[in-house]
Amino acid sequence: MTSRISFTLNGAPRHCEAAANTPLLFVLRNYLDQKATRLGCGHGQCGACTVIIDGKAVTSCDFPVSEAEGKSIQTIEGLVASDHPLITAILKHQAGQCGFCLPGIITRAAPLIDQGASFDEIRTALDANLCRCGAHGRILAAIDEVTL
Amino acid sequence: MNVPPPIQSFPNIDQWVSFSQDGRVHLFSGRVELGQGIRTALLQIAADELDVDLDMLDLTQGHTDLSPAEGPTVGSLSITFGGQSLRLAASAARMVMLKHAAELLQSTRDELTVKGGAILRDGVETGLGYASLSSQVALNVPALDHAAPKPAAERTFAGASVARVDLLSRLTGAYFLHDLTLDGMWHGRVIQPPALGAIARNIQDITLKDGMELVQNGQFLAVIGPDEYKTITECNRVANLIDWDRSANSPTHPMDGLDGPISQTETLYDYAGPVVGHRTIRASLTKPTLAHASIGPSCAVAQWSLSTSGQEDHLTVWAHSQNVFALRLSLAEILGFPGDRITVIFVPGAGCYGHNSSDDVALDAALMARGSHRPIRALWQRQDEFLHAPLSPAMKTTMTATLDESGKIIAYDAQVISPPHSTRPVGQEEPNLRAQQFITSPIPMGTGNDAPQPQGGADRNAVPGYNIPNVRVMRLRPEIVPYRPSAMRGLGAFTNVIALEQLMESCAEAADQDSIAYRLAHLTDPRAIDVIRAVDTLAGPRQRTDGTGYGMGYAQYKNSAGYLACIARVEVTDEVRVTDVWAVGDVGEAINPDGTINQIEGGIIQAISWALKEDIAFADGTVVTRSWDDYPIMKFSEVPNITTKLIGPQDAPPLGAGEISSGPAGAAVVNAVRDALGVLPDRLPLSRSALISMLS
């Protein structure tokens with residue numbers, strides 16, 4: 001049984017028809033064609049699926065889409081479109097190798113940067129995001145550059 | 001330049017480079033993008049030799065219909081073999097074009113140059129160029145007859161830290177294979193049999209929901225459906241309902257295998273003659289099985305096309321395999337379908353560090369697509385990646401050094417106990433794709449083989465990169481291997497370099513010499529000496545205080561690829577924390593220096609994670625690790641400060657960089673722990689519980 005769920009996605013009003021317990025990740029990727037949020041583990045343990053909901057980072061693979069009703073969602077696509085300074089810094093530092101983990105890392109760090117969190121707070125928060133290629137140092141350098 | 005094997009196998013220019021009238025320049029390579037930045041590096045090489053801009057180039061990587069079958073993208077050979085081949089072909093293409101233009105213009109080739117694909121005479125446009133000449137000039141001629149690659153001083157792209165052409169695209173849009181969508185595509189998830197020979201007794205009694213379908217081929221079972229999440233849920237629901245008829249595994253563990261019966265003993269090198277020494281020093285290192293643990297699970301898309309009469313006509317598979325050509329041959333063998341009617345197209349997956357599940361999932365997708373007559377996107381679940389993918393083999397390396405009275409090493413003995421480091425799919429002889437074991441006519445998985453020296457597998461870097469007159473290396477293959485052993489970045493080099501570098505520390509101590517001076521006393525290769533001296537300088541003065549330690553690691557990967565020396569600083573409390581790493585590498589010509597440094601840093605972090613944290617758990621003879629909670633890897637709050645420098649002759653041949661830091665970084669950390677604790681670690685990982693037993 002599906003229902004209509006409405007929310008704001010990257011600043012634009014969107015809706016979907018989905019079963020209430022469908023994780024937001026699959027709605028984004030498969031119903032709304034937003035492919036840059038990634039499925040890494042499906043259990044909220046790797047952070048690859050992180051999106052921003054009402055200003056807070058959330059793992060979308062275990063977030064039922066019904067809970068997105070009326071909320072404001074931002075994905076990596078939205079951050080790229082709005083030229084978030086972290087993205088500029090990531091590119092400048094060539095802070096990635098395979099890049100699979102990067103959208104989730106950027107969406108986790110960006111709201112904290114915007115809220116004025118310290119570098120150490122952001123680094124600790126990033127323990128929720130895994131990177132296997134070992135781009136951590138460059139990612140942290142990029143974050144350091146855009147934190148106050 | 002040494003002529004690399006790929007261009008010997010594919011000698012004609014047009015197998016690598018072609019031009020079209022629209023001004024595009026087409027490049028073809030068998031090397032694929034694993035996250036290591038090879039795409040950008042190949043474009044840089046070609047742009048220099050062709051005198052075109054980067055954005056004029058279209059590069060096809062890993063397409064079985066279009067690319068030269070260069071062999072797998074492995075072994076840190078992408079530039080040494082692949083890039084150098086492309087360089088020769090691109091250079092030859094330009095020279096052939098200029099030769100033709102010179103004839104048309106009645107000038108000499110020396111008066112002509114190329115800029116942005118346009119041909120200039122004494123700096124003035126001639127109206128001719130690659131585009132306008134593309135239909136007139138035959139490129140099916142041997143590249144080696146024409147190639148004259150530019151000297152290093154004339155390169156502008158290669159040697160520069162050009163920004164990755166594909167980094168931003170990984171943040172948006174549909175860059176990965178995981179993002180590929182075909183019309184009418186369904187999603188598939190495999191119900192993984194728990195053991196070989198297991199039979200799903202009650203599968204015919206289970207009805208799938210919501211129009212989803214079961215694909216069954218022998219004991220290969222998969223759920224497919226139009227909606228990905230519903231397919232996952234249904235797959236897991238059905239999997240829980242299945243009553244498996246199976247015999248118990250014998251309760252073996254990889255470590256039992258290392259201590260157990262040996263099925264094959266090889267002496268790869270032996271002493272020159274009898275050795276009489278003053279004393280012997282020993283080092284031993286045991287390493288567990290490790291997972292690839294890529295952040296993205298493996299994905300593949302497959303589509304069969306049918307003729308008008310409904311016969312299977314062609315199979316197309318999109319895969320992120322390191323070797324699309326071998327995969328094609330393996331698929332042909334297993335599916336009983338002609339290889340020349342199979343196309344495998346590489347599309348990038350997440351980070352690839354060796355033989356992972358990317359080939360297995362390609363077979364899964366092909367089976368699901370065949371069984372259902374639909375295009376299928378198959379994705380392994382996270383638990384599948386831990387439970388069923390190939391693993392980096394468990395190893396035990398024991399080394400003995402015989403010292404003379406002055407403390408110099410006069411003989412060295414290494415015994416490497418390990419399964420082979422490759423059970424890669426190779427085609428007809430050993431297709432080696434997981435699902436082949438479960439289909440109606442099952443094919444047993446191969447037990448694999450190591451490459452011979454000097455490349456080696458388990459024995460990689462077991463031959464010491466130091467001047468030692470008597471060297472014996474033995475490779476012992478255990479009989480008991482309750483998992484799929486295969487290639488992980490560095491193969492045996494990670495374990496063997498750590499063991500050797502521990503041995504060097506112990507020998508230096510026995511000889512009462514500074515350990516850096518001791519290493520240098522056993523080296524004459526100036527490039528080896530330079531990286532060791534340079535990292536000593538880079539790391540600065542090192543003051544050990546209580547609970548801290550410094551350690552060094554050095555190796556030339558495979559004794560033929562890049563050189564890397566590394567120093568690590570650790571703090572040891574109830575756990576090991578690496579605070580700083582310094583690394584100096586020499587890879588000869590670095591096509592993209594920043595890209596090379598990126599790879600070195602990545603290898604360092606991964607090696608530290610392996611050394612300190614990682615260990616695949618077994619119970620009852622099978623893997624039980626299922627999740628990131630079970631298998632923690634290095635976190636952001638744990639990464640050290642890393643300082644990396646490249647030295648070495650930039651006009652020397654490129655030596656390969658992808659795997660050079662793993663062994664030295666592991667060695668630096670293990671030696672640093674030894675420095676901090678005064679105890680010699682002999683097994684990995686150096687976890688909390690390992691420290692406790694070391695100290696007790």
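In this predicted model, chain B and chain A together bury about 4300 Å², of which 58% lies on carbon and sulfur atoms; buried area here is the accessible area (1.4 Å probe) that two parts lose on being put together, summed over both. Leu171(B), Ile295(B) and Phe636(B) supply 22% of the area that chain B buries against chain A, more than any other three residues. The contact, meaning heavy atoms within 4.5 Å, draws 58 residues from chain B and 47 residues from chain A.

Residues are numbered from 1 along each chain as its sequence is written, and chains are lettered from A, with ligands numbered from 1, in the order in which they are written. Local features need pLDDT of at least 70 and side-chain atom pairs count only at pLDDT 80 or more, whereas totals for chains, interfaces and linings use all residues, and side-chain values use heavy atoms, with hydrogens and water left out.

Chain A holds six helices and five strands, which follow one another along the sequence as β-β-α-β-β-β-α-α-α-α-α. The radius of gyration of chain A is 15 Å, close to the 15 Å that the globule rule gives for 148 residues, so chain A is as compact as a globular protein of that length. That radius is taken over C-alpha atoms, and the rule is 2.2 Å times the number of residues to the power 0.38; helices (H or I, at least four residues) and strands (E, at least two) are DSSP runs, numbered from the N terminus.

| Property of chain A | Value |
|---|---|
| Box filled by the C-alpha atoms, along the principal axes | roughly 45 × 25 × 25 Å |
| Share of the 148 residues that count as buried | 59% |

Buried means under 20% relative accessible area, exposed over 50%, and partly exposed in between (1.4 Å probe, protein chains only). Among contacts in chain A between residues at least 6 apart in sequence, 59% join residues at least 24 apart.

Helix 6 of chain A (residues 136-146) has as its buried residues His136(A), Arg138(A), Ile139(A), Leu140(A), Ala142(A) and Ile143(A). Their cover includes helix 3 (85-92), helix 4 (102-114) and helix 5 (119-125) of chain A, together with helix 13 (593-612) of chain B.

In chain B, Gly127(B) belongs to strand 6 (residues 124-129) and counts as exposed, at 63% relative accessibility. Gly127(B) and His292(B) lie 165 residues apart in sequence and 53 Å apart in space, C-alpha to C-alpha.
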